[in-house]
Amino acid sequence: MAIEKGIRFSVDHDDAFPQGLVVVGEVSPDNEYQSREERAQGRPTRQRVDEVTGKRQWKFMATDPGETKAKRASFKITLLADVQPVPTTGEVMPGMRPVELDGLTAEPKVAGQGEYKYLSYVFRATGFKAAGSGAGGKASRSTAGESSAKAA
């Protein structure tokens, strides 16, 4: 029995990001590409909808402090929700806040070019966990069991 392309595996936030995760910037709508002609005609931009869940897609840039390779440390994460999710934690530096994701899934994919290909993941979540649930609490997290590349 083969695993179909596009399968999403549920994963616990602490297993995927043992040293935590930091949001860089803001959560924004994940809009479909709009050509120059469409913009000139005044067509409205359309937000992407997830084909599996039917929920609207939101995106943000994340940094994994546990990633050792600089090129793979920052990547986009897609949030699936009807309304824009808002991080529940405060900023530790301007534009940066530690978060913990709720309903996290990982979809394997091949990244890179030519002979420099590697296994990567597309991460999706349903939102952010409440501020009191341990987000940003790195002292209690296990640092053993580093996960694979997290670039998207």
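Strands β1 and β7 (residues 105-111) run antiparallel and are joined by two bridges. This is a predicted model: local features need pLDDT of at least 70, side-chain atom pairs count only at pLDDT 80 or more, and totals for chains, interfaces and linings use all residues. Residues are numbered from 1 along each chain as its sequence is written, and side-chain values use heavy atoms, with hydrogens and water left out.

**Sheet layout**

- β1 and β7 belong to an open sheet of seven strands, with mixed pairing.
- The strand order is β1-β7-β8-β4-β3-β2-β5.
- Strands are DSSP runs (E, at least two residues), numbered from the N terminus.
- Two strands pair if DSSP finds at least two bridges between them.
- β1 (9-10) and β5 (96-99) are the edge strands, and each pairs on one side only.

**Strand pairings**

- β7 and β8 run antiparallel, joined by seven bridges.
- These two strands form a hairpin with six residues between them.
- Gly112 lies in the turn and has a positive phi of about 95°.
- β4 and β8 pair in the parallel sense, over two bridges.
- Thr78 stands opposite Arg124 in β8.

**Burial**

- Buried means under 20% relative accessible area, exposed over 50%, and partly exposed in between (1.4 Å probe, protein chains only).
- β8 is largely enclosed by the rest of the structure, because six of its eight residues are buried.
- Phe123 has 4% relative accessibility, so Phe123 counts as buried.
- Phe75 is buried as well.

**Aromatic contacts**

- The structure holds five aromatic pairs.
- Rings of Phe, Tyr and Trp (its six-membered ring) pair if their centres lie within 6.5 Å; planes under 30 degrees apart count as stacked, over 60 as edge-to-face and the rest as tilted.
- One of the five is Phe75 with Phe123, a tilted pair at 6.0 Å centre to centre and 40° between the planes.
- This pair links distant parts of the chain: Phe75 is in β4 (residues 74-80), Phe123 is in β8 (residues 118-125), and they are 48 residues apart.
- Tyr121 and Phe123 also form a tilted pair, with 6.0 Å centre to centre and 40° between the planes.
- Phe17, Phe75, Tyr121 and Phe123 form one aromatic cluster.

**Charge over a ring**

- The charged end of Arg72 sits over the ring of Tyr118, 3.6 Å from its centre.
- The criterion is NZ of Lys or CZ of Arg within 6 Å of the ring centre and within 35 degrees of the ring normal.

Conventions: Helices (H or I, at least four residues) and strands (E, at least two) are DSSP runs, numbered from the N terminus.
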